[in-house]
Amino acid sequence: MAKVLMKGNEALAEAAIMAGCRHFFGYPITPQTELAAYMAKKMPKIGGVYLQAESEIAAINMVLGASAAGKRAMTSSSSPGISLKSEGISYIAGSDLPAVIVNVQRGGPGLGGIQPSQADYWQATRATGHGDFHLMVYAPSTVQEMTDLVALAFDNADKYRMPVMILSDGMLGQMMEPVELKTANATDCPIEKPWAACGHRNSRPHNVINSLYLTPQALEELVKKRYEKYEVIKKEEQMADEYLTDDADIILVAYGASSRICRTAVNTARKEGIKAGLIRPITLWPYPAKYIEKHIAHAKAFLCVEMSMGQMVDDVRLCVNGRKPVAFYGRTGGIIPAPDEVLNEIRKLTGGVK
Amino acid sequence: MSTLNILLAGFGGQGILFLGKMAAYAGLMDNRQITWLPSYGPEMRGGTANCSVCISDDLIGSPLVINPDILVAMNLPSLEKFIDKVVPGGTVLVDCSIIDKKVHREDINVFYVPATRLAADNGLPGLANMIMLGKMLKETKFCTENALEEALLKCVPPRKADMMELNRKALKIGSEL
């Protein structure tokens, strides 16, 4: 298929439809709105459901309902809206239901701003709602990846029966890049879901979807079982991209929009004779620790770059565990760092600039 | 060739984003890497619109153009905001039927194009953007002529097929200035 120019938000929406999503529940918020608008236009034409709910909270609970009935369901929002959805996400996790949630991040806290940001990393990887649970979190860095990862998100949501988040940002959502939409043969429900609470004319015992467990022992046992699943995911599902890391002295770690700026900075640093490289996490949970681990021996220092005050840097430090210095550079509030700012930080680490 | 960074700026309604989309598609038709990033948010509602387009042979890092090689300014606030950011040796196209101010930098190439007036005189209302694009092609050769024609086929939707010839006419006026 020929490449077309699409906005990240629209490309992601189309890819979700191609992955078999026929149930989308949304609520408008900049810079995510094109995604919902695309769904509103397309879903009625293909026999799907697009519903603009009365609030983000309603939308996520509609996702819970559609998913409980065995359907591939999705919602999308931007930072403040994700905070509202986080209660429902916790219920989805507590009910072992698959779902795909898209966060096109903007600056925060509070209403914050509407320009691109990466300040919801902690929320996505640590605490999207209450209780002991994890989401799988994918971080695209191109419009192409916005489409490729959404199919993977649906597959893994179904496979592991858990909510999966696509953590994007306003830059990736709003920009257009050439994209090739890969034709998938997905039907609405490619994976058997014998647990789904859908009509069965009394042919089997009822399936109950629930997150309330009043007996502590039963709840502990269930949560522990979920954590066994998380261990499998940590082993099997780590994803990262590496660029010029093999001989690198200074290894940058950045995801999503900021990784693109870092790649430019790495190229310029190389021209100056500085051996810089880049590790770009694609999964933020599970964190791609093994990709960092293999470079700890030869790297002289790590530099984590984010569009936040420093959130993912915690995970980099956990991986490096004091064995090498880990520096941080970030811009926040909706500012996209310039490649030269990052280059300057790289120079500082080599002792070139005091 | 390295990355060509283009910044297009003006009032909302002048077709700035469409102009950017045309430039981006032309880059794509030449089989190059491209990105297109619009300004969004309050400035879109309050008057000015701008759009970053990068065309490159390599993967593009930041799609946000801070220091443009080419600046197209279609109103005074845009010219004043971005003129000092243009790289030395860069090219600036000014719609001089809207902006009566001259540029005082010596290290860049400035072209004054009365695009809005020419559009009105030639019965091409709303197509000052395409006149600017025609001029931009002539002065910078940012894409091949064929690619621009192909971009037009991609960007003008079938229900507006009657606009095709008018767009071509506007491009021609610009490229012959």
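**Conventions.** I noted that residues are numbered from 1 along each chain as its sequence is written, and that chains are lettered from A and ligands numbered from 1 in the order in which they are written. In this predicted model local features need pLDDT of at least 70, side-chain atom pairs count only at pLDDT 80 or more, and totals for chains, interfaces and linings use all residues, while side-chain values use heavy atoms, with hydrogens and water left out.

**Entry 1: the interface.** I found that chain A gives 22 residues to the contact and chain B gives 20 residues. The size of an interface is often given as the accessible area lost when the parts come together. I read a buried area (the accessible area, with a 1.4 Å probe, that two parts lose on being put together, summed over both) of about 1,700 Å² between chain A and chain B, with 70% of that area from carbon and sulfur atoms.

I then looked for salt bridges (a side-chain nitrogen of Lys or Arg within 4 Å of a carboxyl oxygen of Asp or Glu) and the count between chain A and chain B is 0. On the side of chain A that touches chain B, the elements giving two or more residues are strand E1 (4–7), helix H7 (170–174), strand E8 (176–179) and helix H9 (256–271) of chain A; helices (H or I, at least four residues) and strands (E, at least two) are DSSP runs, numbered from the N terminus. H9(A) gives the largest share of that side, 4 residues.

**Entry 2: Thr35(B).** I placed Thr35(B) in strand E2 (residues 33–38) of chain B. Thr35(B) has 0% relative accessibility and therefore counts as buried; buried means under 20% relative accessible area, exposed over 50%, and partly exposed in between (1.4 Å probe, protein chains only). Leaving aside neighbours within four places in sequence, the residues in contact with Thr35(B) include Met175(A), Glu177(A) and Arg260(A) from chain A, and Ser52(B), Cys54(B) and Pro63(B) from chain B.

**Entry 3: chain B as a whole.** I listed 7 helices and 6 strands in chain B, and buried residues make up 53% of its 177 residues. Of the contacts in chain B with a separation of 6 or more, 56% are between residues 24 or more positions apart.

**Entry 4: salt bridges.** Over all chains, I read a count of 29 salt bridges. Glu14(A) forms one of them with Lys42(A), with the closest N and O atoms 2.7 Å apart. Glu14(A) lies in helix H1 and Lys42(A) in helix H2 (residues 33–42) of chain A, so the pair ties together parts that are 28 residues apart in sequence. I checked both ends: Glu14(A) is buried, at 10% relative accessible area, whereas Lys42(A) is partly exposed, at 26%. Helix H1 (residues 8–18) of chain A is itself mostly covered, with 10 of its 11 residues buried.

In chain B, a salt bridge joins the side chains of Glu139(B) and Lys135(B) (2.8 Å, N to O). Both residues lie in helix H5 (residues 128–140) of chain B, 4 residues apart, which is about one turn of the helix. Glu139(B) is partly exposed at 27% relative accessibility, but Lys135(B) is buried at 8%.

How values were computed
Contact = heavy atoms within 4.5 Å.
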